[in-house]
Amino acid sequence: MLRAGSYEKGEGNRVQHKKRWIWWVVLVAGIVGAFFFLRANFRNDMFVHPVLFSVGPFQIHWYGVIIATGIIISYLIGRRYAIAEGIEDEHIAEGIIIGVFSGIVGARLWYVFSRWEVYSGNLSEIFMTWHGGMAIHGGVLGGMLGVFLYTRLRKKCSFGYLQAFDIASMMFPLAQGIGRWGNFFNHEAYGGPTDLPWKMYVPPLYRMPGFEGVEYFHPTFLYESIWNFCVFAFLLWYYKTKRKNFGEVLGLYLVLYSLARFFIEGLRLDSLWWGPLRAAQVTSVILIAIGIALFVWARKKGKKAPSVSVGNGNGK
């Protein structure tokens, strides 16, 4: 029996090792493919239309497909860690639905608030989200508010709000990193003119007013996407190896994401403004302060978090 058990354990380890290699090969192949794809687009050797396909008046945009992809992938990964912490699958699904819905509402309201001079004279335009206009800070805060209310109102909820936010904030940068590519397909969220080797060509139709004669710009969508993937990797490592109490991962996310967003926002041409200040930079400063305070508090006085190992979906 011992020999059989040892054989099964060894065989399981080999399978896991093989799976890791497959994922690494897929990841490297994806990075190489993305490099050549971007290079062709940045050099104006290729043009990608924002619409993936159309059926009569019905259109499917790359932006929506990519945003949905980011949400689904983040959910599938985050769900495994949530289950490993003892959270019920039903509650995970309910929390995700509420979080996504409230996040969309929050993203839209934040954008409308920041451009009220545009929407105040045409209130019906507020509901026409297909015309564009979402703000990530509003999406994150709206989603967090929705999940918080869910934990307060759901009877016998199997998780606390800081527990949920730790897992969600670990997944946020992954979803954001993927979602930023939707901006690329929309030819938006780029920075000022540049002549750097990685400069991005923007077609004339999508250039900001006043920059019609400029061809190459900072690919700020790419800057933020890369940073978000790095933040995701760091938070995943921290969650697995260093976290002591609930709330620590959320605090780190608020600081790390906001630091990069503050500087990247300074390059962008399409910022939302609150008077003379860029809305995203003001929000980033506030979130950095909140994140630092939350991390320090959680590390010292937070509720102890379980040690989690994700293999077959069970915590250890």
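**Notes on helix packing and salt bridges**

1. Helix α7 (residues 220–241) packs against helix α8 (residues 248–265) at about 160°, their axes 10 Å apart. Axes here are lines fitted to C-alpha atoms, over the stretch in contact for helices, with angles from 0 to 180 degrees between N-to-C directions. Helices are DSSP runs (H or I, at least four residues).

2. On provenance: this is a predicted model, where local features need pLDDT of at least 70 and side-chain atom pairs count only at pLDDT 80 or more, while totals for chains, interfaces and linings use all residues. Residues are numbered from 1 along each chain as its sequence is written, and side-chain values use heavy atoms, leaving out hydrogens and water.

3. Helix α6 (residues 161–185) also packs with α8, at an angle of about 30° and with axes 7 Å apart. α6 and α8 are therefore roughly parallel to each other.

4. The whole structure has twelve salt bridges (a side-chain nitrogen of Lys or Arg within 4 Å of a carboxyl oxygen of Asp or Glu). One pairs Glu-248 with Arg-299, closest N and O atoms 2.8 Å apart. This pair ties helix α8 to helix α9 (residues 279–301), 51 residues apart. Glu-248 is buried at 0% relative accessible area, whereas Arg-299 is partly exposed at 29% (buried is under 20%, exposed over 50%, partly exposed in between, with a 1.4 Å probe and protein chains only).

5. Worth a look too: salt bridges with shared partners join Arg-180, Glu-224, Arg-261, Glu-265, Arg-268 and Asp-270 into one network.

Technical notes. Helix = DSSP H or I, 4+ residues; strand = E, 2+ residues; numbered from the N terminus. Parallel < 35°, antiparallel > 145°, perpendicular 65-115°, else oblique.
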